Amino acid sequence: METRFDAAVIGGGVVGCAIARELTKYKLKTGLFEKECDVAVGTSGRNSGVSHAGFYVPAGTFKAKLNIVGHELMPSLCKELGVPYIAVGKIVTAKEEDEREYLYKLKETGEKNGCKKLRIIDQKEIKRLEPNINGIEALHSPTTAILDPFLLTISLAENALRNGACIHLNTEVKRIEQSSDGFTLETNNGKYAAGILINSAGLYADKIAAMAGITGYEIHPCRGEYHLLDKNKRNLINGAVYPVPPKELGGLGIHLTPTTDGNIMLGPSAEYIPEPDDTANTSEVMDKLFKESYEFLPKITRKDIIKSFSGIRPKLITPGSKSPADFIIEESRKIPGFINLIGIESPGLTGAPAIAKKVAEMISKIRGGLVENPSFDPTEKPKIRFAELSNREKSELIKKDPDYGIVVCRCQSVTKKEVIDALNNPLCARSIYSVSKRCRATLGRCQGGFCLPKIIENLEEQHHPQTSDINYAGKGSELFTGKKEGIE
Amino acid sequence: MIRKTVDVAVVGGGPAGLSAALSAKKNGAANVLIIERGENLGGILNQCIHEGFGLESFGVALSGPEYMQRFIDDVEKHRIPYMLDSMVLEVSADKKIIVSSKEGLFEITSKSIILCMGCRERTRGQILTPGTRPAGVYTAGAAQNFINLKGYRIGEKAVILGSGDIGLIMARRLTLEGSKVLAVAEILPYSSGLPRNMAQCLDDYGIPLYLSHTVTEIHGKKRVEAVTLAQVDERFKPIAGTEKKIECDTLLLSVGLVPENELTRKAGILIDEQTAGAVVDEDLQTSIPGIFACGNVLHVHDVVDYVSLEAERAGRSAAEYAQGKEKKPQTIKTTPGEGIRYVLPHQLSADSDVKLSMRVMAPARNVKLILSDGDRVIKTLMKTRVNPAEMIQVTLKKNELAGCKKIIVMLQNAK
């Protein structure tokens, strides 16, 4: 007899993990299936990491409501889960006369949506907020915040796990069949049964829906490329700096966003691509990203770039579309108990906590009410960041555990203890990707050149993996093709 | 915090650090301390198991570990204390060093400090290589670590981008390990490695070198499946139509080294953007009195023997500073002229003979290296062949420096 869940979530992105965690607040046996080696491997980990105030989304839409509520919930959620969240604020900057009008429109939309503290600022005020940025007028949103999207997703999943959910990584749903009391899922890791199914598969949500015979959804992958700058340039901006978006409906325009880790991101571009998993960078866009960012911030050089990457938006609209699409969050009429979340692109990260509540409400309706889980614990301990502590705190930590004294990743000052903790994460995600997203090792300016061998040494000490099980990000991404015997 | 006071603190226990510490000790510094982040002394040379080190200093070709062992033995003989697995988190202008180790967090106050942190490799991110981000892309040094110290096999079919020395040595290493090296691509029209490595690592094994070529795309979702090579024009832009896709599972990068000057910058020490190392005088003292720099953290060397020699000078200077020895004013400024990338040190006194280190911009044949004070030629050296990969050293005598306000070094066609 296969394991049966009251509710099963397909997709370990930020939305899927937020839903799984939300459901553990109730007496519901909850499962989550993720085909990759960890959570936040797809779109959730490949974006600007911004909690949006909610002035881009058209008034009256589902998107607008979820954005506003999500943005309100986010600070306390991040606090509960120990996730870095900093309200750095944001300016949308007009550089040309004809862009001014757009700022007023944004402000109007924002206020209709319920955004707080929006104001138009002049050149002088821009200089005061962002001395290195040129602009003639700007919209200032002081509540806009940055957060760590990896840690948010990871902590949601870990908290869901702590509260009783089953998180199945490396588990791809291959077939969905309706049964007398719900659904049967066939995966590469066996069969599972579920009463209610939540399709939060992001870029693959149309395919998952189609597995159950629900047709009509079509996701159009739209890639956004980014550059990441060295930490020594972090002080060039204070908050997020956005342009007036391009006329085509592709994204918010190439912007500068600080990360909670102390870098600046440049990007993203917007380009429709045929494959939902083609996260390549292209020389044309890489060049364009730098040039456009340089116009904003002439103090950057190409030498400051330490890494480029890309993420893909699961869009519901095609390249030529005249208007944006709203989020689709609905129970299938054809197949009751099957909840689809389609086209959850930006502001999906911001909206995630609100979307999770919405889905819980839908499930409550389907089941005729939900019973609270009295032992639900909403909190996760914040991850210790040795690099960010005072000398006194560092000293105390080393006394407690000497492994805090050994710095493994020199660029980010990540210690052996932090690496070991990351290697022993409760989701049992053991790839290098999983370690680096949890403790930040390998993500600095040497990009793992020095610490990768040391991380692997620790991985061997902790888990004694086979050589073929040491991988960058799951099966197929093996780091080595063999090992000599008898070498210490 | 555990507090400690020393005369000379040496940040780094690699080739530069050990030589500097020994020299400081031999020049009268009573209390010298080496702080090393690795678990052994020796630094990066511990993974350089090929031979060719020590020809200048010892007249024999040693492997990296053998070369370092000579210094380690000497450090032990002189009972110079060292801390291992100890990371310097901060060096301040008032010469306090914060060190993290298993034993605790240390604050070490030192009369003088020698910076010997070495360098790191440039990465794929820094050279902006387009394509996917699969496993199987390694910097040459990381690959060397995995193969030589851990016994891992990093791949079966490799392409190497960059013909720097580590790239060339790794081409040979991979071949000896049974992997196939399909190509070495170099974006410049000439190799950036030493000629002897070109011969011994590529030619001897029939590994093709593609000059004026670069990797324009990395393919593969999970692990490298192929790379696209293309020829580049004189502005290093890929030429359309010259692309060729090479199936491989590994891409090794040997695309340059960067001095690791994060601590230096944080301390507020002046940096020469050309070398990416500190601005130093002939005592190898930085812009903060009592803080010295040498080895690859000062400028990237091609031969380790020169690192050791340079570090000796820094060690002596640091010992003298710690002993409160009066310092001569250093008012003669050096400047790289036509054809020269950089000249070190940046400031000289006319008080003693001094060895200048420099690199040319591009390879050339039959050239004159001219050292002048702007008006008057001080020294001319004929060179049949110069190469950016090979550091040039020129000694200026005390009497040659007399009366000079500056020294300009330039390259001229000999004809």
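Predicted model: local features only at pLDDT ≥ 70, side-chain atom pairs only at ≥ 80, totals over all residues.
Start with the layout. Chain A is split into domain 1 (1-83 + 147-219 + 316-382), domain 2 (84-146 + 225-311) and domain 3 (388-469). I will stay with domains 1 and 3 of chain A. Taken over C-alpha atoms, their centres lie 30 Å apart. In the contact between them, domain 1 of chain A puts in 14 residues and domain 3 of chain A puts in 10 residues.

Next, the area. The size of an interface is often given as the accessible area lost when the parts come together. For domain 1 and domain 3 of chain A, that comes to about 990 Å², with 65% of it on carbon and sulfur atoms. Which three residues supply more of the area on the domain 1 side than any other three? They are Asp38(A), Phe150(A) and Glu158(A), and they supply 40% of what domain 1 of chain A buries against domain 3 of chain A.

Now the charged and polar pairs. Between domain 1 and domain 3 of chain A there are 3 salt bridges. In one salt bridge, the side chains of Glu158(A) and Arg438(A) meet at 3.5 Å, N to O. The interface of these two domains of chain A also has 3 residue pairs in polar contact, both residues at pLDDT 80 or more.

Last, what the domain 1 side is made of. Helix H5 (residues 149-162) of chain A gives the largest share of the side touching domain 3, namely 6 residues. Sorted by class, that side of domain 1 of chain A has 11 nonpolar residues, 3 charged residues and no polar ones.

Key
Residues numbered from 1 in each chain as written. Chains lettered and ligands numbered in written order. Heavy atoms only, no water. Domains from an automatic or database assignment. Contact = heavy atoms within 4.5 Å. Buried area = accessible area lost by both parts, 1.4 Å probe. Salt bridge = Lys/Arg side-chain N within 4 Å of Asp/Glu carboxyl O. Polar contact = N/O pair within 3.5 Å; in protein donor to acceptor, adjacent residues only side chain to side chain. Helix = DSSP H or I, 4+ residues; strand = E, 2+ residues; numbered from the N terminus. Nonpolar A, V, L, I, M, F, W, Y, C, P; charged D, E, K, R; others polar.
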